Amino acid sequence: MSLVALSEMLGAPVRDASGAVRGRVREISVAPQEHPTRIAHLIVRTADGERFLSLTDLKSAGATVRTTTDASRWERYIPSDGVLLLKRDLLDQQIIDIHGRKVVRVNDVELESTPVNSHLLLNIVAVDVGARGAIRRLSKGLMPSFTLRALLDKIPPRVIPWEYVDLIETDPARRVKLKIAYEGLAKLHPADIANIVEDLPPAEREAVFETIDEEVAAETLEELDPDIKKSVVESLDKDRIADIVEEMDPDAAADLLGDLPEERSGEILKEMQPEERQEVTQLLEFAEHTAAGRMTTEFIAAPETAVVDDAIEALKRFEGSREALATVYLTGPGNRLVGSVPLVRIAISSPGAQLSDLSEPYVACAPDTPEDEVAALFDKYNLITLAVVDEHGRLTGIITADDVITMLRHRH
Amino acid sequence: MDFLRKEWRSRLVLFLAVVGPGFITANVDNDANGIATYSVAGAQFGYSLLWTMIPTIVALVVVQEMSARMGAVTGKGLSDLIREEFGLRTTFILMLALVATNYLNIVGEFAGVASGFELFGISKYIVVPLAALIVWAMVVHGTYSSVEKIFLSASLFYVAYVVSGVLAHPDWKAAALSTVTRPASIGFRNYGYLYMVISLVGTTIAPWMQFYLQASIVEKGVTVRQYAASRLDVIVGCLFAGIVAWFIVVACAATLHTVGKYNIVTAADAAQALRPLASEYAYLLFAAGLFNASLFAASILPISTAYAVCEGLGLESGLDKRFDEAPTFYWLYTLLIVVGAGALMLPRFPLFRVMVASQMLNGVLLPFVLVFIVVLMNDRELMGEHVNSRGYNIVAWATVAVMIALTVAMIFWR
């Protein structure tokens with residue numbers, strides 16, 4: 001078992017069974033449909049055109065490639081969409097480093113060769129994104145290979161194991177063939193995904209949003225820089241963006257659609273499920289920089305006669321954002337707000353306790369309260385959520401602390 | 001009618017929204033080095049180099065438009081694309097050349113600061129380190145973007161050259177004639193002449209501009225759909241830069257060359273060109289304009305170089321990163337400024353000579369950068385339907401060929 005760099009193999013002379021040089025390595029391919037990491041073929045440029053060299057024919061791989069077969073038996077090379085070409089698709093391209101949570105450029109690829117029976121297996125083990133790979137390529141051919149190896153051994157490696165690499169492919173058909181699904185990326189925190197996406201060019205951003213799960217896409221979209229968010233929404237097709245918007249918090253969805261040209265937001269709304277559409281349309285009617293423009297209509301309310309058990313039932317059924325869970329609101333006849341119970345008090349009380357006994361004096365504001373005053377209320381009363389009530393005292397929505405923080409930060 | 005007016009207005013709004021990249025780049029292009037080069041050309045050769053202007057501006061429009069289009073279509077920077085399409089080694093060599101050339105340009109900007117203040121007898125040992133510190137801090141602390149508009153408005157200074165050029169009563173007929181035909185008085189077998197021609201092209205179409213413009217287009221998020229407005233912005237910017245350049249040469253020809261003052265050695269000589277407009281205040285006007293132009297370009301050149309190099313080599317870059325996250329980026333940026341300003345600390349530093357020399361080097365590097373741009377612009381996989389038209393290719397390849405021929409000839413006749 002030994003490591004060999006892609007850059008060492010590219011251009012390496014290929015010797016056939018007789019020992020004669022028959023060509024040079026031009027490309028190395030992986031067929032992800034068959035095996036995710038295994039090298040499928042070397043593509044060799046010979047005097048008689050380009051040939052596939054199967055791995056079962058390989059005796060050794062490195063600065064020289066030796067085979068066990070005769071050159072005449074190598075098949076003619078036919079280009080195909082479904083294979084990953086390491087030089088074209090990976091070397092010098094940008095990839096997503098899942099572990100380091102950033103976008104990096106590939107300097108070299110590390111392959112591991114393992115002898116099996118009478119031939120070799122080659123597997124991708126890591127991509128080199130550090131100085132070692134760069135210096136190896138810059139000085140290739142300029143100094144004897146043993147001097148170079150000795151020099152390179154002194155440089156600490158910066159490699160990303162292959163399982164932490166997500167490739168970026170903008171062509172959807174090819175993405176399917178190469179089995180690129182951004183599984184690693186989707187496991188990251190949406191805020192980290194957003195950071196990564198911001199570092200990508202527009203077409204690549206689109207590729208990520210077309211591929212990842214809608215729910216993750218929705219959360220990521222909320223975290224994006226406003227300008228980039230807008231351009232992503234404009235670039236995606238309306239079915240896809242409607243699916244994503246449905247997964248967003250209604251207040252965030254309303255904010256997003258409110259920033260778009262009316263024609264575009266109308267198109268997107270039309271594609272949404274009726275229920276979500278109605279919630280968002282309602283919010284869209286409020287002025288942006290008021291309490292109503294910031295609030296969400298997904299909150300937990302219980303009748304004033306309810307007990308702790310009822311509240312817990314409501315919590316279990318709740319599908320809104322986690323931030324809205326912090327408080328259970330109590331409503332009287334006609335949906336009038338009468339009290340608020342912090343989640344903590346519910347958690348430490350017995351199942352049969354009356355919610356109205358646990359209730360604290362509530363703080364609420366009118367829908368047209370300006371943003372500044374909303375922030376001031378959060379500050380003054382140390383709130384996690386704030387209720388918004390209409391002129392009849394009816395509970396219409398709540399504002400959560402995370403929205404206030406975002407609002408304050410964006411102002412500076 | 002109403003419909004027409006509405007369309008016109010929305011076009012104007014669209015234009016103002018994207019005014020920036022192209023126009024800013026063109027204005028930064030008329031930096032201290034540019035002023036120096038145009039002044040020296042006018043003083044030394046009178047009207048006889050004006051013929052270079054029209055072909056150079058045509059090439060400038062073509063080159064800048066290509067960079068802007070590439071940025072809008074791909075959403076990637078020029079050095080990113082060169083790296084992806086041509087590999088690490090090519091990119092590395094090109095980046096070395098770019099750093100060397102841009103470094104001299106930066107030295108030139110600080111020389112501009114030095115010579116501006118020289119007029120008032122203020123020592124360069126005081127102003128240059130101060131200017132370096134201001135530039136460094138302004139960019140790192142993000143105050144640059146708010147100062148940019150001040151720089152841009154102060155670029156109105158260039159109008160002074162237009163007015164002064166008119167007031168100097170130049171020989172309009174000779175100037176116009178020299179603009180459309182090449183006077184045969186001096187041949188191409190003259191080293192000084194070739195040096196000046198290359199410098200003129202190099203200062204008008206500086207290699208760093210392509211990297212900077214494309215990066216700005218990407219940064220602004222201009223896409224193919226808004227591209228029409230960006231194209232207009234680029235073209236207007238180029239024409240503005242061209243008109244200013246023409247008038248600087250004419251003003252210097254009319255005020256300096258005609259009275260036998262052929263050699264510009266200090267800013268005091270160059271400032272004479274503004275005398276018809278500002279008489280005894282010419283020094284003041286020239287110094288202020290030169291200072292603004294120098295500082296404007298000095299704020300852009302080092303940072304744009306650091307971005308281009310780090311992106312091409314795949315190193316962390318960006319002012320949103322901390323120093324320890326993007327060490328190469330910050331070190332390169334800092335060193336370009338410190339060593340750039342540091343060169344001015346040498347006693348008896350030939351200010352104007354170095355400023356012009358940096359532009360000559362721009363002209364020598366230009367065809368190499370251009371080759372990459374044209375090859376990328378013809379890559380259908382990359383540019384799709386926005387690949388270069390034949391006309392563009394002809395102008396671009398002709399520029400490459402002419403610049404290489406001029407360089408070879410210059411070396412030959414040395």
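Trainee: Which residue takes a positive phi in the hairpin of strand 9 and strand 10 of chain A?

Mentor: In that hairpin, A:Arg101 has a positive phi near 55°, and four residues sit between the two strands. Bear in mind that this is a predicted model, where local features need pLDDT of at least 70, side-chain atom pairs count only at pLDDT 80 or more, and totals for chains, interfaces and linings use all residues. Residues are numbered from 1 along each chain as its sequence is written, while chains are lettered from A and ligands numbered from 1 in the order in which they are written.

Trainee: What makes strand 9 of chain A and strand 10 of chain A a pair?

Mentor: Two strands pair if DSSP finds at least two bridges between them. Strand 9 of chain A and strand 10 of chain A are joined by four bridges and run antiparallel, so they meet that rule. A:Gln94 has A:Arg105 in strand 10 of chain A as its bridge partner. Strands here are DSSP runs of E with at least two residues, and helices are runs of H or I with at least four, both numbered from the N terminus.

Trainee: Why are strand 15 and strand 17 of chain A said to stand at the edges?

Mentor: They belong to an open sheet of three strands with the order 15-16-17 in chain A and mixed pairing. Strand 15 (300-303) and strand 17 (337-342) of chain A each have a single partner strand, so one side of each lacks a neighbour in the sheet. Between strand 16 (residues 327-331) and strand 17 of chain A there are five bridges, and these two run antiparallel. A:Tyr329 stands opposite A:Ser340 in strand 17 of chain A.

Trainee: Which strands of chain A does helix 16 of chain A lie across?

Mentor: Helix 16 (residues 308-317) of chain A lies across strand 15 and strand 16 of chain A, running at about 150° to strand 15 of chain A. Such angles run from 0 to 180 degrees between N-to-C directions, with axes fitted to C-alpha atoms, for helices over the stretch in contact. Contact means that two C-beta atoms, placed from the backbone, lie within 7 Å.

Trainee: Which residues of helix 7 of chain A are buried?

Mentor: In helix 7 (residues 190-198) of chain A, A:Ile193, A:Ile196 and A:Val197 are buried. Seen down the axis of helix 7 of chain A, its buried residues fall within an arc of 100°, so they line one face of the helix. The arc is taken from the directions from the helix axis to the C-beta atoms. Their cover includes strand 9 (94-97) and helix 8 (202-211) of chain A.

Trainee: How many residues does each chain bring to the contact between chain A and chain B?

Mentor: Chain B brings 12 residues and chain A 14 residues. On the side of chain B, helix 5 (residues 78-118) gives the most, with six residues.

Conventions
A residue is buried if 20 or more other C-beta atoms lie within 10 Å of its own, exposed if 12 or fewer, and partly exposed in between; C-beta atoms are placed from the backbone.
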